[in-house]
Amino acid sequence: MSTNYAIAVLPGDGIGPEIIQGALDVLDAAEARFGFTTTRNEVAAGANHYLATGELFDAVESELRGADAVLFGSMGDPRVTPGILERGFILEMRQRFAQAANVRPVRLYPGVPTPIAGLTPERCEMVIVRENTEGAYVGQGSTVHGGTTNAVAMQESLNTYAGIERVVDFAFRLAVGRRKKLTLCHKTNILVAAGQLWQQVVAEVGARYPEVETDYVHVDAMCFHLPLTPERFDVVVTDNLFGDIITDLGAVIQGGLGVATSANLNLDGSAPSMFEAIHGSAPDIAGTGAANPAGAILSLALMLGHLGEGEAARAVEAATVEVIGGMEALAGPGMGMNTAEVGRRIAEIVRAGNANEALVPDSLLGTLAALPASRRV
């Protein structure tokens, strides 16, 4: 019997619906080839829905909670004050669904251009694990005397042993299945209290994994080493804010935001995990066909692996790499195809089963091996 998965689809804003359609075309092809099925529930969320109804995450929480996984497009619109959608939906989902680990592979694929001279795919293959529910993104802060020259703003950063421990343990498990090296990235010489807690947890959890070598790099030094010697890193674990920043740098190294992917993982099976490309909604190019759906499609590959469809995940990744590796540019007219055509071309390769899997000998499955099994509802 074939397996059916309940997928919540949130296209969102800007280019989100376009890239998600590309991912769904590829999902159709994967289902046809590998025999599983999905029941897809498209959920109305984002700027248009908020402006029409005032609703944010509260309105759809129960609907999303029943899914095996969430496939997310993008969210953000200049008509909505910055922070409303991000805090009221994205951060709320991460926290209420305990999506504790944000996993972002940083991989330079064959044929994909990078701005780093001389960089080769063999030198750039790491995973950055970002704590996803705490730090400066707890959304707590206050302003006194706002709108005056005496304004005082306070923004809180929360770090708990339990929150750090669960993501650090996951990062060590990930390292065990890879090259057995874990690097903590923080700023312990300035953020002393938080830094000491992170170091304590890494040391204590690391004792459970003696086969894994541990390392430490300040976040500012990481911004130097990451583009110049990415081969130094295997699994990097870091706090929420630092992870948000250095993964965007990693995306540039691997060819741009259009090919970068992520998984927001619930680690205990209590709620669904969410999969999304890391770029924003790019409203300036929405509807032009200039967006690259590769990041969304590679996020689909992560989702398929999370659901237990490893062969399909590998096929989707290989097909995506075959297409983007032949492009002269990764966005805009230089792609040689529009957004929909890129998605359909990748889907054709997946359906035909003729992707060159040698392009990804160390596929995303190396990451997926350590992902928690999906919650079957």
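Student: Is D248 buried, partly exposed or exposed?

Tutor: Happy to start there, with a word on the ground rules: this is a predicted model, in which local features need pLDDT of at least 70 and side-chain atom pairs count only at pLDDT 80 or more, while totals for chains, interfaces and linings use all residues. Residues are numbered from 1 along each chain as its sequence is written, and side-chain values use heavy atoms, with hydrogens and water left out. Buried means under 20% relative accessible area, exposed over 50%, and partly exposed in between (1.4 Å probe, protein chains only). D248 has a relative accessible area of 32%, so the class is partly exposed.

Student: Which residue forms a salt bridge with D248?

Tutor: A salt bridge here is a side-chain nitrogen of Lys or Arg within 4 Å of a carboxyl oxygen of Asp or Glu. For D248, the closest N and O atoms are 4.0 Å apart, and the partner is R104. The pair links distant parts of the chain, 144 residues apart, with D248 in helix α8 and R104 in strand β4 (residues 101-107); helices (H or I, at least four residues) and strands (E, at least two) are DSSP runs, numbered from the N terminus.

Student: How far apart in sequence are R130 and D244?

Tutor: Their side chains meet in a salt bridge, at 3.8 Å from N to O. R130 is in strand β5 (residues 125-131) and D244 in helix α8, so the bridge ties together parts of the chain that are 114 residues apart.

Student: Which helix holds both D169 and R173?

Tutor: These two form a salt bridge, with the closest N and O atoms 3.3 Å apart. D169 counts as buried at 14% relative accessibility, whereas R173 is partly exposed at 32%. They sit four residues apart, about one turn of the helix, and that helix is α5 (residues 161-176).

Student: Which element supplies the largest share of the lining of the largest pocket?

Tutor: On a 1 Å grid over the protein atoms alone, a pocket is an open set of points where a 1.4 Å probe fits, with protein on both sides within 12 Å along at least five of seven lines, and lining residues have an atom within 4 Å of a point. The largest pocket is lined by 26 residues, with E86, I90, R94, Y137 and D244 nearest its centre. At least two lining residues each come from β3 (69-74), α4 (84-96), α8 (240-253) and β12 (273-277). The largest share, five residues, comes from α4.

Student: How far is the sulfur of C185 from the nearest cysteine sulfur?

Tutor: A disulfide is a pair of cysteine sulfur atoms within 2.5 Å, and the structure holds zero of them. C185 is in no disulfide, and the nearest cysteine sulfur, that of C223, lies at 7.4 Å.
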